[in-house]
Structures are given as structure tokens and as C-alpha cells.
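Colleague: Please take one part of this fold and go through it closely. I would like its partners, its surroundings and its charged contacts in one connected account.

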Amino acid sequence: MNATQQAAGGPKGALTVRVVAMPADTNANGDIFGGWVLSQMDMAGGIASVERACGRVVTIKVDTMIFIRPVRVGDVLSVYTEVESIGRTSMKVHVEAWATRFITHLQEKVTDATFTFVAIDDHGRPRPIPSDDDVSGDALPSSVKSV
């Protein structure tokens, strides 16, 4: 762990998505477009939610998101997830995005947010999320255990 990670406490949760930022993902200023980062975070949160809900989910809310640092072309964006709470049909997932800088390999936190997902059935209607007792703990990845 480097000095930036130590100061910030390091990433929270399980590594869920890792991708290289490419030139096609830039905005008019040459930085990686914030919407691209949000999209990667939504995908990561969706992966963690699908695994815990044992089926389809939809994103219904993203809590406040502040971009702390820009992502640049060539940086590796790593997205970490942790299920924070589970209700009857919905769950909250904390999602953090960290950039590993292209040449220096310095890892810096870019942003974080809490995403809310709802489990849905084949008709798009909310459905109950299985209880911990109904889901084998051994089958769950570390990002969705012990909520």
C-alpha cells in the first residue's frame, strides 16, 4: 500500500471491476468523462447486487457523488464494492473508484457513492431478496458477505 492509500485508508470493499481509461472516454478537456466513471461504478454495483440478490436488479438511486481527482488516459480504474444494507426488495451498495496512475502507479481515490438497487422478477416488478439463510455464504463473493 502506498502513501496515498494509507492516508485515505485504502479502498473499501472487494475489487469488482478493473479497466483502462482510453482516449475514446475523454471529455472536451482531455480528462476521462465523469459519466464513464459513473457507468463503471454502476456496472460494479450491479455485479455485487446481482450476486447477492441471486437475479436481476435495477439501479434506482445514486447518492451524492463528488469527483475528488480526474482520471486520465492510460490510468487503470479499479472499482470496489461492498453491500452496506439489505431491505426486503432493495439493497444499498457502497462503491469506490480508484485510479492507478499510468506511469507512476500511484493509486488515488477518484470518487465514491452509495447506489441503491432493487431486485426485480421477469416482469420487471420488485421481488424479495433472499435472506442470508436462503443463500449459501460459501457461494457469495467477499463483496456481499456479512451485511
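**A close look at β5**

Modeller: Strands β4 (residues 90–100) and β5 pair in the antiparallel sense, over 11 bridges. Strands here are DSSP runs of E, at least two residues long, and helices are runs of H or I, at least four residues long; both are numbered from the N terminus. Two strands pair if DSSP finds at least two bridges between them. K92 stands opposite T116 in β5. The two strands form a hairpin, with 6 residues between them. In that turn, H105 has a positive phi of about 65°.

A word on the basis. This is a predicted model, in which local features need pLDDT of at least 70, side-chain atom pairs count only at pLDDT 80 or more, and totals for chains, interfaces and linings use all residues. Residues are numbered from 1 along each chain as its sequence is written, and side-chain values use heavy atoms, with hydrogens and water left out. pLDDT is the predictor's confidence in each residue, from 0 to 100. The chain averages 90, and 86% of the residues score at least 70. Over residues 1–7 the pLDDT is below 50, and this stretch has 11 contacts beyond near neighbours in sequence. Residues 143–147 also have pLDDT below 50, with 14 such contacts in the model. Contact means heavy atoms within 4.5 Å.

Back to the strand. Buried means under 20% relative accessible area, exposed over 50%, and partly exposed in between (1.4 Å probe, protein chains only). β5 has another antiparallel partner: β2 (residues 57–62), over 5 bridges. There, V58 stands opposite V118 in β5.

Next, the helix that packs against these strands. The buried residues of α2 pack against β1 (14–20), β2, β3 (76–86), β4 and β5. Among those buried residues are W36, V37, M41, A44, G45, G46 and R52. Just after α2, C54 takes a positive phi of about 60°.

Now the charges. A salt bridge is a side-chain nitrogen of Lys or Arg within 4 Å of a carboxyl oxygen of Asp or Glu. The structure holds 9 of them. E108 forms a salt bridge with R69, the closest N and O atoms being 3.5 Å apart. E108 lies in β5 and R69 in the loop between β2 and β3, so this pair ties together parts that are 39 residues apart in sequence. E108 is buried because its relative accessible area is 15%. R69 has 31%, so it counts as partly exposed.

E108 also meets R101 in a salt bridge, at 2.8 Å from N to O. R101 is buried, at 8% relative accessibility. Salt bridges that share partners join R69, D75, R101 and E108 into one network.

One further salt bridge links D63 and K61, the closest N and O atoms being 3.4 Å apart. D63 is partly exposed, at 25% relative accessibility. K61 is partly exposed too, with 43%.
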